[in-house]
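Hi,

Here is the structure I promised to pass on.

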Amino acid sequence: MKKMKKLLLVTLLFANTAFGQDKISGLGKFKLKVTTTSVTEEVAKELGTKLKVVNNFSDEIKYKNGKPRIIELKVDTTKEYDSPAYAHECLNVRVFNINEYTIANIKIKDIYLTFLNDTLVSINCYRNSELEEAFELKYGEPKKRKEEKEVKCTRTYTGTDVTYDVTYKEKSYSSTWYNGDISCVCILSNYYDSECKEHYLSFCDLSVEGVRSKISSCDNKIKEEREERKKSQKKATLRDF
């Protein structure tokens with residue numbers, strides 16, 4: 001019975017092919033190189049909410065911690081430092097976040113959908129064991145990799161200025177599936193910050209090869225152009241200097 005449930009889950013979660021091993025192309029209705037931004041209105045309707053535009057980090061956190069909904073993330077051009085982390089400068093790039101979405105009874109959290117020229121080019125979401133198991137059942141054994149490294153942190157004895165070094169071990173486990181220029185990697189890892197505090201990363205990322213560098217180049221060009229305009233405007237105020 002449990003095995004049948006898993007097979008049904010996978011059938012519902014991902015688009016099926018008739019024979020042979022399926023190739024990864026997306027997540028549920030979200031298909032890389034196929035899905036357009038019109039899907040965001042569909043999702044909003046499913047969730048019983050309206051699509052909202054958010055251009056600052058504090059509002060992003062507020063909506064992400066609330067009821068299931070979808071928001072579009074944009075850069076705050078007046079306070080860039082306060083913009084949502086996944087927002088882009090590039091005008092032909094749009095990014096949406098779905099804080100919680102259920103596909104075939106799998107609850108998937110923190111989904112980021114990135115569109116370039118109105119076409120879906122990357123999906124990033126929180127990883128859980130049920131999601132990764134579904135990927136493996138559907139697409140077969142992934143390429144697995146384990147990495148470990150030792151890092152040193154300097155701690156201070158409570159109430160004193162005396163410091164001492166501590167060695168910790170950072171570990172990273174990844175599973176990767178490929179389909180031509182499309183890849184999906186699920187990562188579980190830990191790391192230590194400069195204050196010796198341990199943090200964890202757990203996510204799955206599906207993307208089209210080369211797209212992120214293209215978007216990054218576009219972002220940088222927009223930023224450079226804006227900085228040049230600011231310099232020109234400032235220079236104009238110094239004509240009588």
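Below is what I found, starting with the overall picture and then going through the details.

First, the ground rules. This is a predicted model, so to speak of local features I needed a pLDDT of at least 70, and side-chain atom pairs count only at pLDDT 80 or more, while totals for chains, interfaces and linings use all residues. Residues are numbered from 1 along each chain as its sequence is written, and side-chain values use heavy atoms, with hydrogens and water left out.

**Overall**

The average pLDDT (the predictor's confidence in each residue, from 0 to 100) is 88 for the chain, and 91% of the residues score at least 70. The stretch to watch is residues 14–19, where pLDDT stays under 50. The model has 14 contacts (heavy atoms within 4.5 Å) beyond four places in sequence for that stretch. Where pLDDT is low, the predicted coordinates should not be read in detail.

The chain has five helices and eleven strands. These are DSSP runs numbered from the N terminus: H or I over at least four residues for helices, E over at least two for strands. Along the principal axes, the C-alpha atoms fill a box of roughly 80 × 55 × 35 Å. Of the 241 residues, 41% count as buried; here buried means under 20% relative accessible area, exposed over 50%, and partly exposed in between, with a 1.4 Å probe and protein chains only. Among contacts between residues at least 6 apart in sequence, 52% join residues at least 24 apart.

The largest nonpolar core has 46 residues, and Phe-30, Ile-123 and Phe-135 touch the most other members. β6 gives the most to this core, with seven residues. By nonpolar core I mean a set of buried Ala, Val, Leu, Ile, Met, Phe, Trp, Tyr and Cys residues joined through side-chain atoms within 4.5 Å. Not counting residues up to four places away in sequence, Phe-30 touches a list that includes Val-39, Val-43, Ile-98, Leu-113 and Ile-123. There is also a second, separate core of six residues, among them Val-151, Val-166, Tyr-192 and Cys-196.

Which residues of helix α2 are buried? In this helix (residues 38–47), they are Val-39, Thr-40, Val-43 and Ala-44. They cover an arc of only 145° around the axis (taken from the directions from the helix axis to the C-beta atoms), which puts them on the same side of α2. Their cover includes β2 (30–31), β4 (70–73), β5 (93–103) and β6 (106–116). Just after the helix, Gly-48 takes a positive phi of about 70°.

**Salt bridges**

I count a salt bridge when a side-chain nitrogen of Lys or Arg is within 4 Å of a carboxyl oxygen of Asp or Glu. By this rule there are 19.

- Lys-138 with Asp-22, the closest N and O atoms being 2.5 Å apart. Lys-138 lies in helix α4 (129–139) and Asp-22 in the loop between α1 (2–13) and β1 (26–27), so the pair ties together parts that are 116 residues apart in sequence. Lys-138 is buried at 4% relative accessibility, and Asp-22 is buried at 8%.
- Lys-29 with Glu-46, where the closest N and O atoms are 2.4 Å apart. This pair links the loop between β1 and β2, which holds Lys-29, to helix α2, which holds Glu-46, 17 residues apart. Lys-29 is partly exposed at 33%, as is Glu-46 at 44%. Together with Glu-42, these two are linked in a network of salt bridges.
- Asp-181 with Lys-33, at 3.0 Å, N to O. Asp-181 sits in the loop between β9 (163–179) and β10 (182–192) and Lys-33 in the loop between β2 and α2, so this pair ties together parts that are 148 residues apart in sequence.

**Strand pairing**

I took two strands as paired if DSSP finds at least two bridges between them. β10 and β11 pair in the antiparallel sense over eleven bridges, and Ile-182 has Val-208 in β11 as its bridge partner. The two strands form a hairpin with five residues between them, and Cys-196 in the turn has a positive phi of about 70°. β11 (198–208) is also joined to β7 (119–126) by five bridges, with the strands running antiparallel. Ser-122 stands opposite Ser-207 in β11.

Best wishes
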